[in-house]
Protein chains: 2
Amino acid sequence: MGRKRTKSGKIRLAEVAELAGVSPITASRFFRNPEALSVAKRTRVESAAKELGYVPNLAARALASQRTEVIGVLIPSLTNNVFSDVLRGIYDAYEGSRYSIQLSNTRYSILQEERLLRLFLAQKPAGLIVTGIDQTTESRAMLEAADCPIVQIMEIGPNPVDMMIGFSHYDAARAAIAHLFAQGHRRIGFVGARMDPRVQRRLDGYVSAMKDASLFEQRLVVTTATPTSVTLGGALFTDLLAREPGIDAVFCANDDLALGVLFECRRREIAIPEQIAIVGFNDLEFMASAVPTLTSVRTNRYEMGKTAATMLIEAIDGRRPEQPVLDLGFKVIERQSSSSRHQDSRPAASGGSAQNKMVALPSGHD
Amino acid sequence: MGRKRTKSGKIRLAEVAELAGVSPITASRFFRNPEALSVAKRTRVESAAKELGYVPNLAARALASQRTEVIGVLIPSLTNNVFSDVLRGIYDAYEGSRYSIQLSNTRYSILQEERLLRLFLAQKPAGLIVTGIDQTTESRAMLEAADCPIVQIMEIGPNPVDMMIGFSHYDAARAAIAHLFAQGHRRIGFVGARMDPRVQRRLDGYVSAMKDASLFEQRLVVTTATPTSVTLGGALFTDLLAREPGIDAVFCANDDLALGVLFECRRREIAIPEQIAIVGFNDLEFMASAVPTLTSVRTNRYEMGKTAATMLIEAIDGRRPEQPVLDLGFKVIERQSSSSRHQDSRPAASGGSAQNKMVALPSGHD
DNA sequence: GTCTGTGCTGGTAGCGCTGTCAACGATCCT
DNA sequence: AGGATCGTTGACAGCGCTACCAGCACAGAC
C-alpha cells in the first residue's frame, strides 16, 4: 500500500506530517496533546499516522524532551509469590497507559538496590516504585533528590520519601498472635525464613505480643536467612519441636512455611489444630484449600501493586493524591488450622488505619 | 569534588572527554570498544568517567546508533510459577551484561502478543524472547522480518523462527502416562486448567498414550479454560470422580492442580496411591514435601530461561549457536503418590533429544 | 625516497523528535 | 476602531551520542 520510507525503512513523524499536510511539529503535538489541534488537522494527522503505520521513536522522544515514559520498579525477588501478585497489579495498572515498566531485581540486597537506583535515575524515569523503607543513606539521598514521583510499597513507616502504600507487618503479626491467644494457645512458636526487613518486623510483632503476655522465650523462635520454601517449613518446624516439644501453635512468617509445617505434622501424625495450631502469612490461594484449611493473615498484594501504580501515574500527571501514605491493612482469616471450634473460614481480627475494605483477591495463579 | 555540570546538572560524555583530555568520540569508543584505544587514553578516560560519576544517556545512544540494548521478553503470565522460574533465569543471565529487559505480559492472548510485538519491534530491540510457537500469521511474519535474534521458549516445534529452546510437552505427557501404566494403572483421568497451547499438547500426549493402549475415553478428561489454582484442582477432580468413579489414577496438567487433588483425596479419605495415584507436571518445590510426596514431570524452567538469554546475547554479539534448537528434556520424578512400592523419590522415565543432563533446579521460591 | 598498511584519533554531520518562541487570524473587550 | 487575548500553527535549534570518513604517525616493503 505504497508506504513512504526513509533509507532505514522506518516511517518518521516527518512522513506523517507530509501526508497530513501539516508541519512536523503539529504532527508531534497530535501525539502529546491532541486537544491543542483543530479538529480538522487532528483527524488528518490521525488517519495519516494510521495509514503509514507510524510508531514513534521513543529514543528520539526521550532525547528531545529530556524525559522518558519509563517507570522503574525495584523489587527484591522475582519468584516470591508475594511479589508476583504485586507485579501483576502494577502491570495491570499500566495496561493501556503510555508508560512502560522497567523492572529490576535487587535480590534482597540494599547495595544492589543502590546501584540499580543510580542506573535508573540517570535515565530520568517518569516515576519509581521501590520496595520497602530500608534503603541505604545514599539511596535515600538519591530518592529525595530525584525529580520524579516515588512510591514505596509493601509496608508503611514513619518517613515516606514521597508516597507510600502498604501495611504494618508488625501489627499484622501481633494480630495473628492475638488470634492464637484468643483460641487459647500459649506456647506459640515462630518460624521464619529469608528474614528480610518485613519478615523481621513480623518477628518483632510476634516478640512484642508474646512479651506483653509474658510468654516470650527465645527458643520459641526458629529462623534462617535461607530463601523460603515448603520443604524448609518442615525442617524449621522440626527444629522447633526439638527445642520445645511443648508448643501448641506455630506462627509462620509466610504461607509456604505453613504448608511445610502442615505436611510435617501429617508425617508426624500431629493433629491440627487439636495438638498444634498453624497460622500462616499472606493468605495465598492454597491456604483455603488445604486439609485442614489453614489460617493466614490476608494481605492485599495485588491491590497494593495496582494502587501504587495508579497513584504514581496520577502523580506524574500532576495530580498528587490527597493522602500520600496509604495503609491497606490486613485481615486474619481464621480457618480450621487454628480454630478451637474446628469450623471453616470466618473473618477474625483485622487492622490498618484505612477503612480496610477487603477487595476480592484475584486467585493466586493464572 | 568540583564536578563540572551542564545546565541540566548532568555529566555528559563531553565532560568526561574534556577531563581526560581526549575528544568526545574517543571517550565514546572507550565505552563501546575499549580495545581500540591506547592503554594511556583508556585509563585516562576510565578514571575521568569514574571521577565524574558518568552514566551514559541511553536515549541519545539509541538514537545515534540506531539500535537499543533492550531485550524484549513476551510471556503469557506473570504469576504462574512456571514463568517466574523462567524469568528468574532470564534476569540472572542478563545480570552484568549491558542489556536491559523489557518485559510484557500477553495474558495468554496471541492478539495481545501481536500488538506488543509490533510495539517492541518498532524500538529496534537487540533481541527478543517469545513464548511458544503459536503466533498469529501476522506475528510470525513480523518475527521473520525482524533484524534481531529471536528465541522461542517453553517448547520445541518444527519451524523455528530463529532459535528455540524447550521440550516436548506431548512426549512429557506420554512419559507420565507410561509411568502410570508401568505402575499398573489403567483408568487414568486427565485434569487440566487454562488450556493454553502447551497444556493442550500435554492433553494430546495423554490422549495418544491412552489410545495406544486402547484405554481412552472422553469422560476421563476434565478441563476448563479458567486459570489454574489449587482449589480448582479439587473441583475438577470432584467432577472427574462424579463422571467416572472407577478411576485409579489422575494425571494433572500442573502441580497446583495435583496439590488440589491431593487435598480433595484427603477430604474424601481416598488413599494415595493405594486407591488413586497422582502425577503432576513441572515438579514445583512443594511436590517433594507433600504427604504423600507427589510424582511429577520435572521441567528445567530456570535453565530454560537462563540458556535462552545466554543464547540470545551470544547471537546478538554475532556468535550464533551451532545448534539453534535446544531440547532441554524432562524427567518423570517418581514419588509416593504413584509408586506401587510406596517408596520415595526415584527417577523414572525421561525424555528429550538432548543429553538430558539434569541440573540442580534452584528451589522454587526465594 | 616513496608507497602501502596498520593503529589510533578527531571532525563533521546527523539520528528523530520536541522546547521555545514567534506569528497569524479570529474573537473579545473597552 | 484599537488593543488585548486566545487558539492554532510553524521555524529553528538542539537534546547527547555515534557512524562515517579523514588524517596522522609509524613501520615495513619496494
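**Reading the cysteines, a helix and the DNA**

A: Start with A:Cys252, which counts as buried at 0% relative accessibility; buried means under 20% relative accessible area, exposed over 50%, and partly exposed in between, with a 1.4 Å probe and protein chains only. Keep in mind that this is a predicted model, where local features need pLDDT of at least 70, side-chain atom pairs count only at pLDDT 80 or more, and totals for chains, interfaces and linings use all residues. Residues are numbered from 1 along each chain as its sequence is written, chains are lettered from A and ligands numbered from 1 in the order in which they are written, and side-chain values use heavy atoms, with hydrogens and water left out.

Q: How many disulfides turn up over all chains?
A: A disulfide is a pair of cysteine sulfur atoms within 2.5 Å. Searching the whole structure gives zero. For A:Cys252, the closest cysteine sulfur belongs to A:Cys265 and is 9.0 Å away, so that is too far for a bond. A:Cys148 is buried too, with a relative accessible area of 9%.

Q: Where does A:Ala309 lie?
A: Helices are DSSP runs (H or I, at least four residues; strands are E, at least two), numbered from the N terminus. A:Ala309 is in helix H12 of chain A, residues 301-316, and is buried, at 0% relative accessible area.

Q: Which residues is A:Ala309 in contact with, leaving aside its neighbours within four places in sequence?
A: Contact means heavy atoms within 4.5 Å. For A:Ala309 the partners are A:Ile90, A:Ala93, A:Tyr94 and A:Ile129. Take A:Ile129: it sits 180 residues from A:Ala309 in sequence, yet the C-alpha atoms are 7.8 Å apart.

Q: How many residues surround DNA strand C, and which are the closest?
A: A residue is near a strand if one of its heavy atoms lies within 4 Å of it. Here 27 residues surround DNA strand C, and A:Leu13, A:Ser28, A:Arg32, A:Tyr54 and B:Thr26 are the closest.
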